[in-house]
Amino acid sequence: MAIIKATENDKQEFDSAINELKEYFSSLAVRKGRPLTYNVLTYGCQLNESDSEKLSGMLSSMGLIQSEGGELDAADVIAFNTCSIRENADRHLFGNLGVFKALKKNDRDVIIAVGGCMMKVPENVDRIKKSYPYVDLVFDPQQIHKFPVLLRDAIRKDKQLVNIAADDYIAEDSFFPIDRKRKFRALVPIMYGCNNFCTYCIVPYARGRERSRSFDEIVRELSDLAANGYKEIMLLGQNVNSYKGEDGKTFADILRAASDFKEFSRVRFMSSHPKDLSDEVIDIMGTRPNVEKHLHLAMQSGSDKVLKEMNRPYTIDRFLEISEKFRTKVEGGSLTTDIIVGFPGETEEDFQATLDAVNKAKFDAAFTFQYSARPGTKAAAFENQIPQDVVTERFGRLTELTNKYSEESNKNLVGKTLEVLIEGISKAGDMTFSGRTITNHLVNFTIPEELGIDPGDDFLEGKLCEVRIDRARPYSVDGVLVSMKGE
């Protein structure tokens, strides 16, 4: 499988297709007597969110405006950006595709496109061909830079176009118009794909082999974001620590370069694999004030036997050694993880090893999952699958333990006054804001009337403030605004 970089010729074809589509949609809008709209439905990880920002940017460049409604709001162009990792992803997609069948029947000009990781699974593509003929375009995530060209071709042919690439493509972010969804936070992919081939994971098949963006292009993008007032940067990759840039550049070089921009209050990154996390990265996290003091490091299991079956090339002792190094070098840092319960062949002894590892690591938060077989992965063919009732019972014990440590982590913040980056109005209620600490703890806080700040003002988004923490919950903390930073 080849890795192909987008060329200047690709960019010229991209721009030409956007211009042709802009003209097409403009004439269609005149005929309909109203502006045309689009809706991008996003499932899955932050890399998918980043891809959706690009899809939105391209559709906006074609003269369409974003629909103001919810997820299933009708629009003239509906793009699904799918995920093959999360459980029930196929049910979510195909259920929603069915919702739009009547829309397409009533208006043949409506366009439905389906992309994302699910489209790299042949069974899903075959199902769309057979049961959803009203879908106009099917494409995969490696070809997002070809989206305008494929959309143009689907409209020209006036029949379903399925285009799934055998090669892995990479295009710099400068290739795209990007419609960033948060005024203060920017998602910055630094690499795509994965070479690890964990036996339970579909990502290497869906996202392809590892391919890294140009270091200079990443720094140029960071410089533009700093100049445009962004306060938080999220560096993204399936495994950011395996970044391999030109001239031997590593992820540590990118993290250092990002933190050199003092305009950024926070520099974050996701995700890390224990086999690639370097001491240099941990040192940067401990010494650079604007680099988030939070490490998400997926353990997956506490059993060496299960880790080997998962094709995770580290022992639990090595994982705990890295965890302790982080705790030692990053003062007050928070450590979070992913854990899978019920992997094929997992015994009660293996599961007890996972509980023991959690007791040793004392994770500040853990994302726990019940194993779910993914077609196309090695583990899906393993014979020793665990009965669902056993998986459910173990999952309950694990979440009880991880929640205990998560709540303890939050309780340790009570009584402290912490710096918080404001994200906006809290889901907890209209009269509260929410934000995150430098350790990624979620904070919901109220604003005293005497400060004279209207909780409805969204101008606070992306600003730093001081919050006194008064109460701990299992997954968040509550507090009261003390002051705005610098005010």
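The structure before you is a predicted model.

I begin with the whole protein. The chain forms 14 helices and 21 strands. Its radius of gyration is 23 Å, which agrees with the value near 23 Å that a compact globule of 487 residues would have. Along the principal axes, the C-alpha atoms fill a box of roughly 65 × 60 × 50 Å. Of the 487 residues, 55% count as buried. The exposed surface comes to about 21,300 Å², and carbon and sulfur atoms supply 49% of that area. As for charge, there are 65 positive and 76 negative side chains, and the centres of these two sets lie 2 Å apart.

Let us turn to the interior. In soluble globular proteins, nonpolar side chains tend to be buried together. Here the largest nonpolar core has 55 residues, and Ile190, Leu235, Phe251, Leu255, Phe269 and Met285 touch the most other members. Helix H9, residues 251-259, gives this core its largest share, six residues. Leucine 255 touches Leu235, Val267, Phe269, Val281, Ile284, Met285 and Val291, leaving out residues up to four places away in sequence. Another core, of 29 residues, lies apart from the largest one and includes Leu137, Phe139, Leu150 and Phe175.

Leu150 leads us to helix H6, where it is one of the buried residues. Just after H6, aspartate 158 takes a positive phi of about 55 degrees.

Tyrosine 38 belongs to strand S2, residues 37-42. Because its relative accessibility is 1%, tyrosine 38 counts as buried. Among its contacts beyond four places in sequence are Leu59, Leu64, Ile65, Val77, Asp179 and Lys181. Tyrosine 192 is placed in strand S10, residues 191-192. Is tyrosine 192 buried or exposed? At 7% relative accessibility, it counts as buried. Its contacts, again setting aside close sequence neighbours, include Lys54, Asp173, Arg207, Arg209, Glu210, Arg211 and Arg213.

I close with backbone geometry. Most residues other than glycine have a negative phi, and most peptide bonds are trans. Where does this model depart from the trans form? A cis peptide bond joins methionine 270 and serine 271, with omega at about -5 degrees. Serine 271 lies in the loop between strand S13 and helix H10. Lysine 362, in the loop between helix H13 and strand S16, has a positive phi near 50 degrees. With a relative accessible area of 45%, lysine 362 is partly exposed. Asparagine 440 also has a positive phi, near 70 degrees, and is found in the loop between strands S18 and S19. Asparagine 440 counts as buried, because its relative accessibility is 18% and the cut-off is under 20%.

Key
Residues numbered from 1 in each chain as written. Predicted model: local features only at pLDDT ≥ 70, side-chain atom pairs only at ≥ 80, totals over all residues. Heavy atoms only, no water. Helix = DSSP H or I, 4+ residues; strand = E, 2+ residues; numbered from the N terminus. Rg over C-alpha atoms; globule rule 2.2 N^0.38 Å. Buried < 20%, exposed > 50% of the residue type's maximum accessible area, 1.4 Å probe, protein only. Areas by Shrake-Rupley, 256 points an atom, 1.4 Å probe, with all protein chains shown as cover. Lys, Arg positive; Asp, Glu negative; His and termini not counted. Charge placed at Lys NZ, Arg CZ, Asp CG, Glu CD. Core = buried A, V, L, I, M, F, W, Y, C linked by side-chain atoms within 4.5 Å. Contact = heavy atoms within 4.5 Å.
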